[in-house]
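Me: I would like to go through a structure with you. Could you take my questions one at a time?
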Amino acid sequence: MATGRGRALRLYGNRQAPAAEVAAPSAAAEVGPFTPAAAAVAAPRAGGPRNRSRSFAARPGECSEAVNAGIKSLCLTPSMKPKPRLCIESMPSEMLMKIFSYLDAVSLLCVGCVNKHFYHLANDNGIWLRIYSSCFRPKRTIWKMTSEQTETVSLDCAALHDRKPGYWKKEYIFKQIAAVKTRVMRLVKPVDPYTGLPCKNKEAIKPRRRSLIAEYHLANLTESSVALGADKLVQLFGLNPGLLVGLWKEKNEIAFVMASLHYHQLLQRSTLGSATVQYALPPNKPVLDDVDPEYGLHDYSLHLDMHGGSCTYLCGTFKSLFCRKGDIANGYLRLTVVSLKDNTKHLPLIGTLGLSWETEAFKGNVKDCCVMDVTLLDEAGKPFWCFSAPVYMELSSKASSFYDYMGHIYTTDYADSEGKVCVELVWLEETKEYFIVNLVLYISTRKVNNWYGTNY
C-alpha cells in the first residue's frame, strides 16, 4: 500500500539527497505503519550535508510514538528549497490585462483557449469594445474627437459597465459574420438565367475558410464503389457524391483523386460548416396551391452539362417539362426530356467522349466516361434537384430497332435518394459520335411532396 511516506521517500532518493538507511525485518518490507522494533535509522554518510539529516535509533520496548515522529520529520524535510517558477501565469491579472490589450481579435481568441484564468481575462469588455470600435466605426460623426478622448468615452460609457463579461466579444463576432455574409451575397446576387445558379461562385469562395463538404470511406474501394472505366495505366472508380479515384493497374495504389462538386449551395457548404461537421441545408418551406390540380407536376426546367475535364460534349437547356398523374409509378415522377419517337430532339455529343486525367509524371484519357452536371429547376426557377457525378457508357444487350440510326446502343444511368437519370445513346460508326435518343428523369414523389406540400 503506497502512502504519503512512501512517496516522500522515493522522491527523496530520486533527487540524490543524503539518504538514510532503514533496517527492518523482511516482514516489514512494505511501507506502512512503524512498530516499536520496526526500523533503525543510521546517520548520514560522510560528505553529505549534515544540516539536512537527523539520526535516531529505536530499540525494542521504547515508545513507538517517538520513532514515528522522527521518521515523519525526516520524510517531510525537503532535500532542497524549490526554486520559484517564473511564468506568465504567475503574473498579476492587471499586468496580463495590459498585455492582452495589445493583441488583435484573433490572437485574443486564441489566448482565451489556454486556460480558465486566461479565458475570463480575455473576455474583458474594455478590450473588446476597443476592438469593436476600431473595426466598426459609425458612418456619421457629429463632432471630432482625439484618440485619447474616444478611448476615455468608450471606457466610461454605460454600455461598458452594464454588460456582462464577454458581451462585446459576442457582438464583434456576430458583426463580423454579418459583414462577411453581406460581402458574399453581393458576389452571388447575379444569377445565370439558364442554370438559376450564381455567376460568381468562384470569386465568392476563393478567400473563404475551409469547411467539410463531403466525407468518403475508401476502405474496400474496389468493392464499395462503381468501376467507371480504365485505360492502359489506371482504373477509375466512383463514389457518391462526385468523387473519382484512379488506381494504378499494376500496384493497385491510388494514382489521383478528383472531386466534381455542383455549384448549388456550394458557397454555403464551403463557408458555413466546420472542419468536422457539414453544413445542413435549410428545409424548403412549401407554398401550397389549392387551385392547380397538378401542382408540382409541370413547368420544370433542366440544364444538362456533360464534360470530360477540358472538353464539353453537351450543354443544353430543356424547358416546360411535365408529368401526368397517370405517369406516376413506383414512387417516381417521369419527366421525358428527349423521346425516342421525336427524332428532331435527338442530340449529338460533340467530340470524342472521354475523361482526361493528369498527374505529375503521367496523363491519360479514359474513353466512354464523362462528368454529368444536372440542374433541375422548379416552376419558380429555384434549384430543385442538383448533382454532379461521373458516369460511363455501357453497351446495351438489346439490338438496335431505330430506322434512322444503325449502330450499337449504349446506356448511362445515375441514381441517388432524390431521383434517377436514364440516358440511351446510339454510336454511329461512320461519324464516330454518340447520339442521345432517349433521356428521362425520374423524380422521387417524396421529394416532390416535401417541396410542394402535395400528396402524390
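Me: Which residues have the most contacts inside the largest nonpolar core?
Reply: They are Leu349 and Leu441, in a core of 42 residues. A nonpolar core is a set of buried Ala, Val, Leu, Ile, Met, Phe, Trp, Tyr and Cys residues joined through side-chain atoms within 4.5 Å; buried means under 20% relative accessible area, exposed over 50%, and partly exposed in between, with a 1.4 Å probe and protein chains only. The model is predicted: local features need pLDDT of at least 70, side-chain atom pairs count only at pLDDT 80 or more, and totals for chains, interfaces and linings use all residues. Residues are numbered from 1 along each chain as its sequence is written, and side-chain values use heavy atoms, with hydrogens and water left out.
Me: What does Leu349 touch?
Reply: Beyond residues up to four places away in sequence, its partners include Met306, Tyr313, Met393 and Tyr434. Contact means heavy atoms within 4.5 Å.
Me: Which residues does the second core include?
Reply: That separate core has 16 residues, among them Val111, Trp128, Ile131 and Tyr132. Trp128, Ile131 and Tyr132 are also among the buried residues of helix α6, residues 125–135. Helices (H or I, at least four residues) and strands (E, at least two) are DSSP runs numbered from the N terminus.
Me: What caps the N-terminal end of α6?
Reply: Asp124 does, with a side-chain oxygen 3.0 Å from the backbone nitrogen of Gly126.
Me: Changing topic, is Lys363 buried or exposed?
Reply: Lys363 counts as exposed because its relative accessibility is 64%. Lys363 lies in strand β12, residues 363–367.

Methods: A polar contact is a pair of N or O atoms within 3.5 Å; within protein, one must be able to donate a hydrogen and the other to accept it, and residues adjacent in sequence count only if both atoms are side-chain atoms.
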